Amino acid sequence: MTLPDWVPSWATLVRADNPSPMTLDGTNTWVLRAAGSAGCVVIDPGPLLEPHLEKVAGYGPVVATLLTHGHPDHAEGAARFAEMTGSDVLALDPRHGQPLVPDGEPLDVAGLSLRTFGTPGHTADSVSFVINDEAVLTGDTILGRGTTVVAWPDGILGDYLTSLERLRGLGNIPVLPGHGPVLPDAEAVAAFYLEHRAQRLAQVEAAVAAGASTPMEVVETVYADVDRSVWPAAELSVRAQLDYLRASGRP
């Protein structure tokens, strides 16, 4: 898949054929390899779709497979992919693989310096990966289009806001997301996400003040202009927002 010329040459995008309102155009599997490196590292092999996994494996040899988080559209195919390639799967959640290197410590792989960058909030096990300080792979923490879900109760809004602040601190490096197109500026998109969350929190507060008494009643007010197919996901985000407001001493 052709990427803009401002995306580092070590990144290749292979998109899974699993489009939906939640996965946008499909799950982005990233194959990373520095020039001259024999092996590659794969981020998020994606769903259990054999043609997709075979296509990604064709970029091998794969020296390591890393997960941004354990949701099935990113991780379901990981065990099968490991069988196909002989690579280890590394993940924050031990249910999905061997331990990642600790947050902030570099991992030299495929000719690249990869740094685990903890970004919980979408899920408790969500991480991003900073490569050579040239780009960041964000999984579902930042998407290439629209905004993401804080998947309550596993996802926690306070953690998510802290993660966005961390990502904003990376400056204007490209974002290679788990869904949708690449973005040129991590600082700018994280700032946009933070502003969006503040606006949503204000809208949720207003809906509760106006009489909404259940999360779905809040959704019907705040997300009235959003496709109803994503209302179940919006309800998870509303529950996370309500928990955040209560913890902050707001109604």
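The structure holds one aromatic pair. This is a predicted model, in which local features need pLDDT of at least 70 and side-chain atom pairs count only at pLDDT 80 or more, while totals for chains, interfaces and linings use all residues. Residues are numbered from 1 along each chain as its sequence is written, and side-chain values use heavy atoms, with hydrogens and water left out.

**Aromatic rings**

- Phe192 and Tyr193 form the aromatic pair, which is edge-to-face, with 6.2 Å centre to centre and 70° between the planes. Rings of Phe, Tyr and Trp (its six-membered ring) pair if their centres lie within 6.5 Å; planes under 30 degrees apart count as stacked, over 60 as edge-to-face and the rest as tilted.
- Phe192 is partly exposed at a relative accessible area of 46%, whereas Tyr193 is buried at 1%. Buried means under 20% relative accessible area, exposed over 50%, and partly exposed in between (1.4 Å probe, protein chains only).
- Arg166 lies over the face of Phe117, 4.0 Å from the ring centre. The charged end of Arg200 sits over the ring of Tyr223, at 4.3 Å from its centre. A charge counts as over a ring if NZ of Lys or CZ of Arg is within 6 Å of the ring centre and within 35 degrees of the ring normal.

- Strand 10 (residues 135–139) is largely enclosed by the rest of the structure, because five of its five residues are buried. Helices (H or I, at least four residues) and strands (E, at least two) are DSSP runs, numbered from the N terminus.
- Ala135, Leu137 and Gly139 point one way from strand 10, Val136 and Thr138 point the other way, and all are buried.
- Strand 9 (residues 127–131) runs antiparallel to strand 10, joined by three bridges; Ile131 stands opposite Ala135 of strand 10. Two strands pair if DSSP finds at least two bridges between them.
- Strand 11 (residues 175–177) runs parallel to strand 10, also through three bridges, and Leu176 in strand 11 is the bridge partner of Leu137.
- From strand 10 the chain crosses through helix 4 (residues 157–168) to strand 11, and this β-α-β crossover is right-handed. Right-handed here means that, with the strands pointing away from the viewer, the path from the first strand over the helix to the second runs clockwise.

**Backbone geometry**

- Most residues other than glycine have a negative phi, and most peptide bonds are trans.
- The hairpin of strand 9 and strand 10 has three residues between the strands. Asn132, in the loop between these strands, has a positive phi of about 55° and is partly exposed at 28% relative accessibility.
- Asp133 lies in the loop between strand 9 and strand 10, has a positive phi near 60° and is exposed at 55% relative accessibility.
- The Gly60 to Pro61 peptide bond is cis, with omega near 10°; Pro61 is in the loop between helix 1 (50–57) and strand 4 (62–66).
- The Trp152 to Pro153 peptide bond is cis, with omega near 5°, and Pro153 is in the loop between strand 10 and helix 4.

**Thr123**

- Thr123 is in the loop between strand 8 (112–118) and strand 9 and is buried, at a relative accessible area of 1%.
- The side chains of Thr123 and Ser126 are joined by a polar contact of 2.6 Å. A polar contact is a pair of N or O atoms within 3.5 Å; within protein, one must be able to donate a hydrogen and the other to accept it, and residues adjacent in sequence count only if both atoms are side-chain atoms.
- Apart from neighbours within four places in sequence, Thr123 is in contact with His69, His71, Asp154 and Gly155, where contact means heavy atoms within 4.5 Å.
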